[in-house]
Structure formats: C-alpha cells, structure tokens
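Here are my notes on the model you passed along. Have it open while you read, and go through the points in order.

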Amino acid sequence: MTGKFKLQWPVDDHTITQYFGENPQVYAKFNQAGHEGVDFLAPVGANIYACADGQVFDVRSNDGNAYGIHVRVRHQVNGREYHTIYAHLSQALVSVGQRVQAGERVGRSGNTGHSFGPHLHLTLKLIGAKTPGYPDGVVDPLPYLKETEVPVPSDLTIYTTEGVRLRAGPTTASAQLAWLDQGEPLIVLGDASAARARVGREDQWIQIQRADGADGYVAAWYVQLQPPSPAPPEPRPEPVPAGALVVYATETLNVRKGPSAGTSRVAIALPHEPLTVVGDRQAMLAILGDRGEWLQVRLPDPSAGSGQQGIEGYVAAWYVQTEPGPAPEPLLTVSPTEDMNMRERPEIGGRLIKRLAQNAPLTVYDDPERARALVGRYDEWLYVKTAHGERGWVAAWYVQIRPPSFGLPEPAPEPVPAGPLVVYATEPLNVRRGPTVGTSRVAIALPHEPLTVIDDPRAALSRLGQPGEWMQVRLPDPSPGSGQCGSTGYVAAGYVWTEAGLPPGPMLTVYPTQDMNMRERPAVTSRRVGQLMYNAPLTVHDVPERARALVGRFDEWLYVQTAQGQRGWVAAWYVSTTPT
C-alpha cells in the first residue's frame, strides 16, 4: 500500500497523543470524519524534523488559520507526489523553495492556531488519493511512519472470534492492512501479560504478527485466548405441530421481548410474514383480535447460513389476523457510514450480534416510508437484514440511504414542498450542538429570526411543536462583512412554529472590562472566534431582562454581536452594562 515511501519520526519523543480518525464528534463541525492527521507529544521549543527528503513549498505565519505557524514540504517518490504539513509551531526554521533532507530541522514545536496545548500535528497528503470523510489527498500517516523498533514476538497466541480487519494503528480509522479470518491464530508482539489483560475488552488494541510475517493491530474485543471450538451441527428447526396457528400482522408490527408495550423490541414483523403462535391453538384463537391480549410467536427462520434461528417474542393480539397481507415493495436499503455494530435489541447495551463493514448493504425490515424518516436521526434504531441473512438492530444515526459505491440507479426524487421550511422560536431559544439538552449551546434564536430547517421539510413538519423532538436548523447570516456564515445547530421542535414573533427591544448593550476573547461556545476551552477590545460595545442577543441578570456573574455566558456583525459567546463576569 505504501510502496517505497516512508516517513521518519518528526519528533524526538516517539509518543502519539491523537491518532488519525479519532474524536469524530470534535471534527464533525469541520465536515470531517475525525482527526485528519497524527499528533505527537512535543513541548514548546522542541525540535521538529522533516519526515523525508523534499522541498519546502509553503511557510505560513499565525494569521488565524487552523494550523497556526506551519511548514509544508513536497516529496516526489516513484512518480507520486506527497505533502507533509508540520503544524502549530512556535517558529519555522526553513523558507519557501529550500530543499530539506529527512531528519533536518524545519521548526520548533508550539501552540499556535487551533490548538489546545503544545504538540506537533502532522498531516500527510497523497495527491490524487481520497479518504472518505476527509479533504482530497489526506491519508493516515501511520502506515508510512518508520518504526525504530518492532516489538519482539511473544509466546502468546490469540485467535479471532470472527472475521476482522488488521489495521496499521490502534484505531478503527487507521488504514486497513488485511482481512483476518475467523479463528486465525495471531502471535502477540511485545508484552504478553499486558496483551492478555486486554483480550476481549472494548476500545483496547493488541499489536500482533500473522503467520505470513505481516504485523499490525487487531481490536482486542474480537480475539480470545483459546482456539475456537468446532461449530456445532446446525440444529434442525422444530417441526410445527399439525394445525399450529399461524397469524400475520395487519400492518408493520413490533415484536417485543414480553407481553407488554413497555418491553424492548426484538424484531419487526411485516404483513406477509407468517408468525407461528406458541401455545394452545384453541386458547390463542379465543384471544385473537382482543385489545390488551398478547400472543407469543415465532418468526420465520432467517436465510440459510445466517447462523440465526427464528426469533421468538410477543405481538399485540389486536394487530394480527389469519390472512397474509401484501409485502412492502421495495424495502429500503441503507448502508453504514462507518464500521458499526449490529445488536440484538435497539439499544447500545444490546448484545452484539456482529460487526458490520462501512458501506455494506442492509435491507431495512420495516415499512419503507417509516424507515426513511428515521435514517440519520439520533437515538433511533432500524431493524435490518444483511446480505448473508443475519437480522438485528443498527443505530439509525450511523447509516445512510445508499452510498455512491453501490452503483444502483438513482431513485426519482420525491416531490417536496416548494422552498425550504422556515420556522421561528416561540420564545428566546437555545440552539444546541446536538439533538439533546445535554449538548453545549452554539447560539440563541429570538422569536423574530427565521430558522431554515435543514431536515426534509415533510419529516420536519411532522415534528413541529412535538415535545421531545428536535430539528436541525440554520440561523440567518450575520451582518455582511462579518466573515461568518449562519450557525447551524438543533432546536427543540416543541418550541418552534411557522409564524414569526416580535423582536425583544431594545436589546441590552454590554462592554468588556478588559481585552477579552469571544468564543464559539460558552466554555473557556472552546475555539476562539474573535478578540474584543476593552469597552467595545456588544449587543446581547437574548431577552434584555434575562441577560441583565447574568452580567458580572462568574461562570455565566452571554451570546453577543459586535458592531461589525460577528457573533459569539463572552464570559459574563468580564462585561459591564456601562463603559468603564
């Protein structure tokens, strides 16, 4: 995969503090799937070295860009062009056009740009390459990095519990080196006792060597210490007694763990699927259709070779009949946006059935229209079937309707209401980073401000005014020349409507009591979006009475707008209602 191009370590301390692809929740606001490089431990002033021979083509100052002071070096190897970027420096020691050799100093480590502490950030680009979820050319540097010492093979052998990827680094975002078969023996590299303690543990990784000599990292939760036992013979399905009662759902129907709507779902039954009733035929016929009664049923066996048997559960007796209904055609197909888990129940604590690969096609076993409305929504789940016949639940917020790689014909777009849906807050309303009150605020919306809904208009209209539902919205653009675009975030659907309210006026004006930072979110660790001068007037974008009560209070924040139209959050304990 890497050819003959290799990178030397750019720092003296070979300690990685953040791998490629980590912390996707932090980088989602930058439209990236995760961290786009590798971070190394490097105190301020530490030497930073060129990773390979090349020519410097850019040296940037700390001019407000995300990388701060940084150096970019171009490398030509075997007809391919690579770029290395050394970011967050305190000082650059090279100039544009200068040729450098591997190991030559190019700068000193620092904490400039969008950095939360001294370190070196290294980005690697291979021109023409494309890593899904990242800018063109960006690739994981770790597989190219020269290791000074590969750990010695130990006497411990571990075994995969199912097919799993061998990766270049200890993260699911690291480059895939090979596919490991179920039950494959792997020799642990390095400390055997430490590896033994990690076996079977979530979020742990073990460095291993295959029988062919290839080495890399394997997820510790997919390995075990003993060779797998031979698979037991496939059990024959129990014969259905002559005259067993078979029923069908009158509509798409939840199959539950117990005879109550309060128990968790174990499956979804479609109207054409036969459900074999468990229990006495006559007794079950007597309660068929009765509201409040439940039937214990067995669903049909999944496809041959899936390793699963027909699921048993309970269905509401008043939603079944003895005649089959029509099959929904076609069923919706979705695919994971990243490697993900399929679970036995629709909850994160549900038993893991198997690991699904990114872009693997999944058939949603549900009414297509209902399923389509759930795709991408946080805290919703879909009941799906894999290409091999396994069935289970997947998180709806980690799937998409269809990845481009499927090459299927593009379905005709459904008609949508003319123009985007615009809503208004019924009162001053927090705009949050995610669809839950537990996420941080990104803005405050006032009743007269139009909020453009990013979701599908029809689906959004169905949630309008509903408690517990959320909408993703875009706020109006700030004043021209502010250099900002309208913020996006989530608002509680129960507090918005389609008609505008009155603006609260006049707005409160406050003044910084010293030079201070304006931040993206109400937290001292949040990204800085501007520097405010002492006594510069700021308009508080909130109800004047509520805002006035916060002025001067420690650990409170105000959402403000500058005279130039820029918006952000300021510490309420560093402002006053009168200039000083």
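1. Is Glu 520 buried, partly exposed or exposed? Glu 520 counts as partly exposed, at 22% relative accessibility. On this scale, buried means under 20% relative accessible area, exposed means over 50%, and partly exposed is what lies in between, with a 1.4 Å probe and protein chains only.

2. Some ground rules before going on. This is a predicted model, where local features need pLDDT of at least 70 and side-chain atom pairs count only at pLDDT 80 or more, while totals for chains, interfaces and linings use all residues. Residues are numbered from 1 along each chain as its sequence is written, and side-chain values use heavy atoms, with hydrogens and water left out.

3. Back to Glu 520, which has salt bridges to talk about. The term is used for a side-chain nitrogen of Lys or Arg within 4 Å of a carboxyl oxygen of Asp or Glu. Glu 520 pairs this way with Arg 527, at 3.0 Å from N to O, and with Arg 521, where the closest N and O atoms are 3.8 Å apart. Arg 527 is partly exposed at 23% relative accessibility, whereas Arg 521 is buried at 15%.

4. Arg 521 deserves a look of its own. You'll find Arg 521 in the loop between strand S40 (516–519) and S41; helices (H or I, at least four residues) and strands (E, at least two) are DSSP runs, numbered from the N terminus. Leaving out residues up to four places away in sequence, Arg 521 touches Lys 29, Arg 433, Ser 440, Arg 441, Val 442, Ser 526 and Trp 569. Contact here means heavy atoms within 4.5 Å.

5. Now for the rest of the salt bridges. The whole structure has 19 of them. One joins the side chains of Arg 351 and Glu 344, at 3.2 Å from N to O, and Glu 344 is partly exposed with a relative accessible area of 33%.

6. Next, the second largest pocket, with a volume of about 1200 Å³. A pocket is found on a 1 Å grid over the protein atoms alone, as an open set of points where a 1.4 Å probe fits, with protein on both sides within 12 Å along at least five of seven lines; lining residues have an atom within 4 Å of a point. Of the 43 residues lining this one, Ala 66, His 88, Gly 113, His 114 and Ser 115 are the closest to its centre. The lining divides into 11 nonpolar, 22 polar and 10 charged residues. Elements that each supply at least two lining residues include helix H1 (24–27), strand S6 (80–92) and strand S41 (528–532).

7. His 88 sits in strand S6 and has a phi near 65°, a positive value in a residue other than glycine. His 88 is also buried, with a relative accessible area of 5%. Asn 535, likewise not a glycine, has a positive phi of about 70°. Asn 535 lies in the loop between S41 and strand S42 (538–540) and is partly exposed, at 22%.

8. Finally, the overall picture. The protein has 6 helices and 45 strands. Of its 580 residues, 45% are buried. Among contacts with a separation of 6 or more, 60% come from residues 24 or more positions apart.

Key. Grid points are joined across faces, edges and corners, and a volume is the space filled by probe spheres set on the points. Ala, Val, Leu, Ile, Met, Phe, Trp, Tyr, Cys and Pro count as nonpolar, Asp, Glu, Lys and Arg as charged, and the others, Gly among them, as polar.
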